[in-house]
Protein chains: 6
Amino acid sequence: MVTLGEILIELNAVTSGPLRHVNYFEKHVAGSEANYCVAFVRLGNNCVYIGRVGRDEFGHNAIEWLRGKGVNVDHVKFDDNPTGIFFVQRDYPVPLHSESIYYRKGSAGSRLSPEDVDENLVRGGDLVHSTGITLAISSSARDSVFKAFSLNGNRSFDTNIRLKLWTPEEARTTIMKLLKDYPVKYLITDVDDSRILVGESDPDRASAILREYAEVVVMKQGPKGASLYHDGGKYFSPGYSVPVEDVTGAGDALGGTFLSLVMSGFSMEKALDYAIVSSTLNVMIRGDQENLPGLSEIEAFLKEMDKK
Amino acid sequence: MVTLGEILIELNAVTSGPLRHVNYFEKHVAGSEANYCVAFVRLGNNCVYIGRVGRDEFGHNAIEWLRGKGVNVDHVKFDDNPTGIFFVQRDYPVPLHSESIYYRKGSAGSRLSPEDVDENLVRGGDLVHSTGITLAISSSARDSVFKAFSLNGNRSFDTNIRLKLWTPEEARTTIMKLLKDYPVKYLITDVDDSRILVGESDPDRASAILREYAEVVVMKQGPKGASLYHDGGKYFSPGYSVPVEDVTGAGDALGGTFLSLVMSGFSMEKALDYAIVSSTLNVMIRGDQENLPGLSEIEAFLKEMDKK
Amino acid sequence: MVTLGEILIELNAVTSGPLRHVNYFEKHVAGSEANYCVAFVRLGNNCVYIGRVGRDEFGHNAIEWLRGKGVNVDHVKFDDNPTGIFFVQRDYPVPLHSESIYYRKGSAGSRLSPEDVDENLVRGGDLVHSTGITLAISSSARDSVFKAFSLNGNRSFDTNIRLKLWTPEEARTTIMKLLKDYPVKYLITDVDDSRILVGESDPDRASAILREYAEVVVMKQGPKGASLYHDGGKYFSPGYSVPVEDVTGAGDALGGTFLSLVMSGFSMEKALDYAIVSSTLNVMIRGDQENLPGLSEIEAFLKEMDKK
Amino acid sequence: MVTLGEILIELNAVTSGPLRHVNYFEKHVAGSEANYCVAFVRLGNNCVYIGRVGRDEFGHNAIEWLRGKGVNVDHVKFDDNPTGIFFVQRDYPVPLHSESIYYRKGSAGSRLSPEDVDENLVRGGDLVHSTGITLAISSSARDSVFKAFSLNGNRSFDTNIRLKLWTPEEARTTIMKLLKDYPVKYLITDVDDSRILVGESDPDRASAILREYAEVVVMKQGPKGASLYHDGGKYFSPGYSVPVEDVTGAGDALGGTFLSLVMSGFSMEKALDYAIVSSTLNVMIRGDQENLPGLSEIEAFLKEMDKK
Amino acid sequence: MVTLGEILIELNAVTSGPLRHVNYFEKHVAGSEANYCVAFVRLGNNCVYIGRVGRDEFGHNAIEWLRGKGVNVDHVKFDDNPTGIFFVQRDYPVPLHSESIYYRKGSAGSRLSPEDVDENLVRGGDLVHSTGITLAISSSARDSVFKAFSLNGNRSFDTNIRLKLWTPEEARTTIMKLLKDYPVKYLITDVDDSRILVGESDPDRASAILREYAEVVVMKQGPKGASLYHDGGKYFSPGYSVPVEDVTGAGDALGGTFLSLVMSGFSMEKALDYAIVSSTLNVMIRGDQENLPGLSEIEAFLKEMDKK
Amino acid sequence: MVTLGEILIELNAVTSGPLRHVNYFEKHVAGSEANYCVAFVRLGNNCVYIGRVGRDEFGHNAIEWLRGKGVNVDHVKFDDNPTGIFFVQRDYPVPLHSESIYYRKGSAGSRLSPEDVDENLVRGGDLVHSTGITLAISSSARDSVFKAFSLNGNRSFDTNIRLKLWTPEEARTTIMKLLKDYPVKYLITDVDDSRILVGESDPDRASAILREYAEVVVMKQGPKGASLYHDGGKYFSPGYSVPVEDVTGAGDALGGTFLSLVMSGFSMEKALDYAIVSSTLNVMIRGDQENLPGLSEIEAFLKEMDKK
């Protein structure tokens, strides 16, 4: 897989509640596409990351972490602007929800530009992937996604609309243009994003519309589970109820695990069942990538659930 | 609002279980009336605090914290005795319950005396508030509440019986005398306190008796929710199920939010619904005041719950 | 009670998830038999520990802790080999489960040998206790248990099969030989161990088989509760649903509390009800012994549950 | 005192070394002018803060903290841009030094503009104060300082050149223009800044040049101490050797303490001796304002040093 | 050794600076006489503790800890009053100094009374020891010391004057009366206490006066070291320069180590050299008893110092 | 560089003092040869690691960390035995010293065997490096070093004698045999090891003897600095005085930095000066590799020192 996006440093609140009263923050490496990439690699496939980080400690932090996890970071560029960061506020004002507070305006990652997109690399990938976040962070980043999608027909896309980065109107216009210009093989989305994109939050109806632009639609439904829509029909995989520490990154865990297993030859239904495990484990900790499971861990989880 | 009471420093166990095995404690500012005051201020109203703190680091700690939150502390006196403190033991021996271990005997706060009650200040308040704790900590503190209640007919009272501070008999005699001498507009209480005060723990029956002394009775029922009784009838607002970190202060959050919103012109029913949100958020963290929400946070919480 | 086993130092993950991403570990004293002993002592009975610890900081740590709790450690020997340790990985890959990673091969504790078993001491005990772990750690430790069991007819045994220490086949052969040679008064086991030992995981059927070797069988069933089988019939005591921090040691808490109360003259049924409380409190914290309750704590727990 | 500047949230590394390997950060309120203000208030004088913070949790954090400490924050405006933050890397690559990594470009604080400068307020102040940082963060902030300095002749200025915010050339041009247009009563600076401003790092020679623009020059010399130059001659006050945790904010502690005591009527020499104590205590902790001492603390410090 | 005193729970600031800004506290067991006792036991001698603790978690904490360390706590009584506690503020306002903030008025420990002093036990001790703190905390505690000293001529006493517990005048009158009535074998004191007691802070002159009441005087001189005065002359043992975390308890470490080694047959000079090592290690950590060394640790320390 | 050794997981005491009283441990990746490798890579050269780690979380931890830092771990094998670990006890019983407590007997790393030594790889390396630790951990590991040294004449060796792993006699015999059979280009050692190896702890005399087996001898002298001996004469580079957190790994930092810079073409004298900086930074933190500096950091350090 080749993916384009922004790697971020996450500063997660050690205690929950409003950030004004949080005294300690825990550092993690995050960013939707990076989360996808690590999920991908954990399950035995390769992932090449295209993007930029700052020529600073946080940039080196991100690169060393991803390289350690097995992600190919040879194409990541160092940029003079600072590495983007965000804070996570947990359980406030909504219990079990998390809020991201970004410091990423003008960041190194947002300076991703079409010249960073190595044409041969992208053409040679089995899958080229990006998300709505990369479309939102800057016009050059957006252009980079359009360029990459123009180079390879095996595309996947996670809508990931972040309303702190753009308006619903901007999100809809840009994402729908991308999907119209470059229909994807795999579209990962959820009911909130669907309402923004196609004015429909019913999973079935929204997916029916979105399937015009995608062979496969994965519709995430939070703790309830996720649905899968493709020519073979609909499949629903229910979620598991576990103690929630931080939901940030759970959707990426689901999407990355799903794509990696499908690329490995799993049936999409089984891939979705496994992907649900990945997102379930993900919400039990702070940090987006630390709990991404390998195949044996997913199977140990499922085996234990079968007992009950 | 004008309130009288003792501000305490809370030392909350970082890990749950018996205190003998707790190695680290986290410091917070607490005290029932201070909790009420901050809840009051967070929702846009003013609160003047009458009381004493020690001329020590913990006393300054309390004053700086409350002043920072917007509480008027100009009437708080510094006293030579030490600022009262308490420890919180969590989840032991009863899961999801907390136990307070006080070091407040002879504390600065317990030396609150009638001379500290500025008559003009109390007369000018829209509401004068205190709790059973202030009645219990010393005779001079008790006299101060009686004096303050004699000066202003707009009274609210939270029974807050702490059996580590006095016997059930003492609590009943003193509180019932106060209520008889000075019937209140708002009485905040719960089923355990009601059994002690009027020998009745059924919410409806207890409230019927208590309404002889109060225009409005708010009957807290723990995680189940709370009931409201007034001339307009009964209203029950159910609680929300969330992960519990520490229940200390949840009742104050409920009472303070209720009173503040009522003073702001909300209907009592809506105020109670909102107050439940406040106490719900409160149990999710250690510390009594850090999670007290503003109006927008309460509404964000309710909006999200509506989705489900 | 006289017990034989290995005291271990436990290094519990401060954050849950795979150990590779855990940065901090919290130290506790553990070991199944030590857990039993402390549970025993907390409820007013005496416990003598037979075993070895290293002549190192961790060995002294273990001895000072147990002596502090009131365990008789006069018979513990210091050995040149290091004190055994283990790490606890929590909630990964299975939520609410814990995994132990041992560094105990060749440890001081595994060098327990028959010469350490003081005959007079064991003969004089009201109960001699050990577990499947002691049988598994070394042949000299196994021989020590056989020797001790040969000396005193009042025996109790917890099967505690750890598949990281031996194979199911080894476990079955050794444990069944012990039980055949030396039938016990109290056998504490669970459904997983029963399947290994007698090929049956149905609580009733497994217990029926096991009662050939035991007057009393306590069959633990995880969070569901536990069943008791003896001549007086079957008794089931249900578990309580609480937030789980770490389940390590919960079975020992149950077994130790049960045995101690039975020795104190409680009916076995009541002892089991109380033992369930002990294991319930145990799963709410990291550490195996810190939450072991005394009688008054168990009763406070039950009184509160009765209210609901 | 009236001061203009940017309040920042400081995220200080809990462990020293390169930030890529720091896992936890501790939050504090900082910003040079805020540090001055708190030092000022701690010693019994009033300080009014002019500036902007974000309409976000960090902005509220800053306001509540400063209000709690007794700073007048009634003139601080909330702005739609985010509150500026910075990270502190300690002891790397230079032992006992700290490095600030800013995320303050386009921050709320940088949007301070002349319209925020209340003319009556500034005219009525006994002293108007700002620093080189406020000159550097934006042109509107710079204009605000020039406006404020034009309104009141009792000015103080700390050069505080931060080469991550502007070039030496920009710093020199802007600061020297300010000092030429508006000579100050008190100029606080150090040898590094002096070299940039007047090409001279010898304390005596640099001060001689700078005194053309300032009645009083305080020349900080790091751990060695500080010198004072005015019509009455030169005075040197030596530093104290203590364990260093973080030097960030030490210069502000010195400057703020000096100014506050001078305003209180202390001789400048004595004020400098006391100010050295303030900066000494400051380097012993993380956080810029927590160790700012009151008069009695400074005197306790000096009394103890006299013993030795 | 038999000792009388109050065992306290110490809550040591995790970060240094004024307590108002300390968010976390670390729990330890302390109390001067308990420190002496543990130092004594660590070096191979027995120590019986006479005193009271609360019937609360902190009381059990203290007893379990001391029993674990090998102290004989069979004579400690449980009392209905709470266990005394104190907070430690470090490095503020005086660097490398610590301040104790007590919550011990009316504590269980202060209720030590002559009836607690088992006459046979005290008569049978090789040494009976107490400190100025026990004299200060209550009249019944003071009477207990007088009674114990009347029962056994082998007495040691540490002056340990705490001006937060009594006035210099009270300290002098009481301590000097004790020493006149019951001259001691070993008097441990320091220059500050000497000034209060005999109006003389020069080590030699103060000791000359004090030796009227003591066969041996150990005069502590802080980080400089300590002097020993007895019939055999004067001996000075210099201190070691190490990083200081918390000096609380360092004097007890010195005194307890000295006494224990003298009782073991060491020359007093060598005992003092070793005792200096004990107090040196003691200041490097928070907690008064954790770093108390055994003989082999002291010798390892000295061997390493010899290398340099 | 090609290096052979054991990668370990380090559990460093969060608080100093005897491990029995340390409650929290911080995890790091360590092992002398791994430290060398990372130092090497940080300065721009390549390093290939030959060794084994467990097929467990700690093994993956080590590999991901080293890969992240840029070390070539393609030749590291996974082994069924567990990854070796060690605990670090700091400042006790000797201030500023650290003690390692190993759990590495039979570890995966100790199973390094000659078959793991890829002949082409070793032959192709510019430098082949190992240490006395690898010689000590097992006979197969020792044989691996002998094999590797037989394959490539460009050898470097750090004596690193650990008396917990073998006796002085074993160390001397084995190391001297290696040096005789395979004289090295660079020998890194210290005065303690020299005394064991050649009975001489004077730096000059010991180096004179050792130079029979080495073109270049680097003689570490702790905080004092280090000396360099080669045909060009002797050069001494003094150490810097800084606050010490943990000295573990400081020697490896020095050796790795020295070798890497020499390989990059620096003069040996300058390389040693820079290496001293590396070891100086290393002692300021827990963890052996986190503070290993790059070239720009070393130069920033030296530039600042020049100022003073």
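Copies are superposed here by least squares on the C-alpha atoms of residues with pLDDT of at least 70 in both. This is a predicted model, in which local features need pLDDT of at least 70 and side-chain atom pairs count only at pLDDT 80 or more, while totals for chains, interfaces and linings use all residues. Residues are numbered from 1 along each chain as its sequence is written, chains are lettered from A and ligands numbered from 1 in the order in which they are written, and side-chain values use heavy atoms, with hydrogens and water left out.

**Stop 1: chains A and D**

Select chain A and chain D. Two copies of a chain are related by a rotation about an axis and a shift along it. Chain A is superposed on chain D by a rotation of 180° with 0.0 Å of shift along its axis, at an RMSD of 0.0 Å. The two copies are thus related as by a two-fold rotation axis. To find that axis in the viewer, centre on Phe25(A), the residue of chain A that comes closest to the rotation axis, at 2.6 Å (C-alpha).

Next, display the interface. Contact (heavy atoms within 4.5 Å) takes 23 residues from chain A and 23 residues from chain D. Buried area is the accessible area (1.4 Å probe) that two parts lose on being put together, summed over both. For chain A and chain D this is about 2200 Å², with 55% of it on carbon and sulfur atoms. Highlight Arg20(A), Glu57(A) and Tyr103(A): in chain A they lose the most area to chain D, together 34% of what that side buries. Of the interface residues of chain A, 100% are also interface residues in chain D, so the copies meet through the same surface.

**Stop 2: chains E and C**

Move to chain E and chain C. A rotation of 180° with 0.0 Å of shift along its axis superposes chain E on chain C, again with an RMSD of 0.0 Å. Gly68(E) is the residue of chain E that comes closest to the rotation axis, at 1.8 Å (C-alpha).

Five residues from chain E and five residues from chain C form the contact. The area buried between chain E and chain C is about 540 Å², of which carbon and sulfur atoms give 34%.

**Stop 3: two helices of chain C**

Stay with chain C and select helix H1 (residues 32-42) and helix H9 (residues 250-263). Helices (H or I, at least four residues) and strands (E, at least two) are DSSP runs, numbered from the N terminus. H1(C) and H9(C) pack at an angle of about 40°, with their axes 8 Å apart. The contact includes Tyr36(C) and Phe40(C) of H1(C), and Leu259(C) and Met263(C) of H9(C). By class, the contact has six nonpolar, seven polar and one charged residues.

**Stop 4**

In chain B, select the loop between strand S6 (85-90) and strand S7 (98-103), where Pro93(B) lies. What is the peptide bond from Tyr92(B) to Pro93(B), cis or trans? This bond is cis, with omega near 0°. Leu96(B) is found in that loop too, and phi of Leu96(B) is near 70°, a positive value in a residue other than glycine.

Finally, select Pro93(D), in the loop between strand S6 (85-90) and strand S7 (98-103) of chain D. The peptide bond from Tyr92(D) to Pro93(D) is cis, with omega near 0°.

Note on methods. Axes are lines fitted to C-alpha atoms, for helices over the stretch in contact, and angles run from 0 to 180 degrees between N-to-C directions. Ala, Val, Leu, Ile, Met, Phe, Trp, Tyr, Cys and Pro count as nonpolar, Asp, Glu, Lys and Arg as charged, and the others, Gly among them, as polar.
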